[in-house]
Amino acid sequence: TVAQAPPADLTVSGVVFTPTGGLPGDALTAQWTLSNAGILTASASSLCNLLYLSDDAVWDVGDALIGESCAALNLAMGSVTTRTLTQPIPSVAPGSYRLIARTDTRFAITETNEGNNAAISAASLTIDIPELTLGISRPRQLSARNVLDFRVTAPAGAALEITLNSASALGSNELYARLGAPATRSFWLLAASLKALPSASPSAS
């Protein structure tokens with residue numbers, strides 16, 4: 001007879017991060033622990049972990065993705081290891097957020113329990129967005145492939161003009177604006193795709 005080998009069982013715990021507050025675009029470093037509670041070695045050539053920001057401490061598809069960490073894993077029964085990820089804070093509304101780490105997101109390892117593959121940080125990350133003053137420029141350093149978020153309050157009915165100047169003659173920058181919510185590239189790519197549909201119109205509110 002042929003019997004299937006007992007599967008492993010990965011669990012996630014101990015999600016910590018630094019700093020505890022910042023602005024979109026600031027560097028955020030997070031660490032979490034992976035444990036093997038199964039009776040077989042958890043082995044994969046590439047085990048992927050995803051890290052999210054959540055404003056309600058419950059993961060859903062609307063949570064902002066911080067980043068992904070993929071690496072080989074060979075974790076014996078009862079063993080533990082840590083994963084670390086450093087990424088910019090994504091563009092989200094000001095507020096308090098918990099971090100959620102999810103492991104084996106591509107199902108590289110057969111497990112007895114897939115329901116314990118995520119953990120939530122005990123601490124909260126406070127995110128703010130600096131406010132621009134009308135008529136006053138605000139110099140900031142924008143690194144490659146990063147974001148800078150600002151908010152501005154304008155009188156009702158006023159025409160708002162936003163100017164972006166760069167000291168680099170070779171740089172390529174993108175500027176997005178949105179009413180009442182953070183302006184992200186993904187939002188405007190979605191808006192553009194919806195605009196191309198005959199029965200749909202995007203909303204920016």
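1. Let me start with a pairing: nine bridges join E3 to E6, and the two strands run antiparallel. Within that pairing, Gln31 stands opposite Thr84 in E6. Strands here are DSSP runs of E with at least two residues, helices are H or I runs of at least four residues, and both are numbered from the N terminus. Two strands pair if DSSP finds at least two bridges between them.

2. Some housekeeping before going on. This is a predicted model, so local features need pLDDT of at least 70 and side-chain atom pairs count only at pLDDT 80 or more, while totals for chains, interfaces and linings use all residues. Residues are numbered from 1 along each chain as its sequence is written, and side-chain values use heavy atoms, with hydrogens and water left out.

3. Of its 205 residues, 30% count as buried, where buried means under 20% relative accessible area, exposed over 50% and partly exposed in between (1.4 Å probe, protein chains only). The accessible surface comes to about 12,500 Å², with 54% of that belonging to carbon and sulfur atoms; these areas come from the Shrake-Rupley method with a 1.4 Å probe, and for residues only the protein chains shown count as cover.

4. On contacts (heavy atoms within 4.5 Å): take those between residues at least 6 apart in sequence, and 65% of them join residues at least 24 apart.

5. Back to E3 and E6, which belong to an open sheet of three strands in the order E1-E3-E6, with antiparallel pairing. Strands E1 (10-18) and E6 (80-88) stand at the edges with a single partner strand each, so one side of each has no neighbour in the sheet. The twist averages 20 degrees from one strand to the next, using axes that are lines fitted to C-alpha atoms (for helices, over the stretch in contact) and angles that run from 0 to 180 degrees between N-to-C directions.

6. Leu28 sits in strand E3 (residues 27-36) and counts as buried because its relative accessibility is 2%. Leaving aside neighbours within four places in sequence, its contacts include Phe17, Thr18, Pro19, Ile66, Leu85 and Leu125. Leu85 is 57 residues away along the chain, yet the C-alpha atoms of Leu28 and Leu85 are separated by 8.1 Å.

7. Two of those contacts, Thr18 and Pro19, are joined by a cis peptide bond with omega about -5 degrees. Pro19 is found in the loop between E1 and strand E2 (21-22).

8. Now for E4 (residues 42-54). Ten of its 13 residues are buried, so E4 is largely enclosed by the rest of the structure. Ten bridges join E4 to strand E5 (residues 64-75), running antiparallel, and Ala42 has Leu75 in E5 as its bridge partner. Another six bridges join E4 to strand E7 (residues 95-103), again antiparallel; here the bridge partner of Asn49 is Thr103 in E7.

9. Ala57, in the loop between E4 and E5, has a positive phi of about 65 degrees although it is not a glycine. Asp104 also has a positive phi, about 50 degrees, without being a glycine. Asp104 lies in the loop between E7 and strand E8 (118-120) and is buried, with a relative accessible area of 2%.
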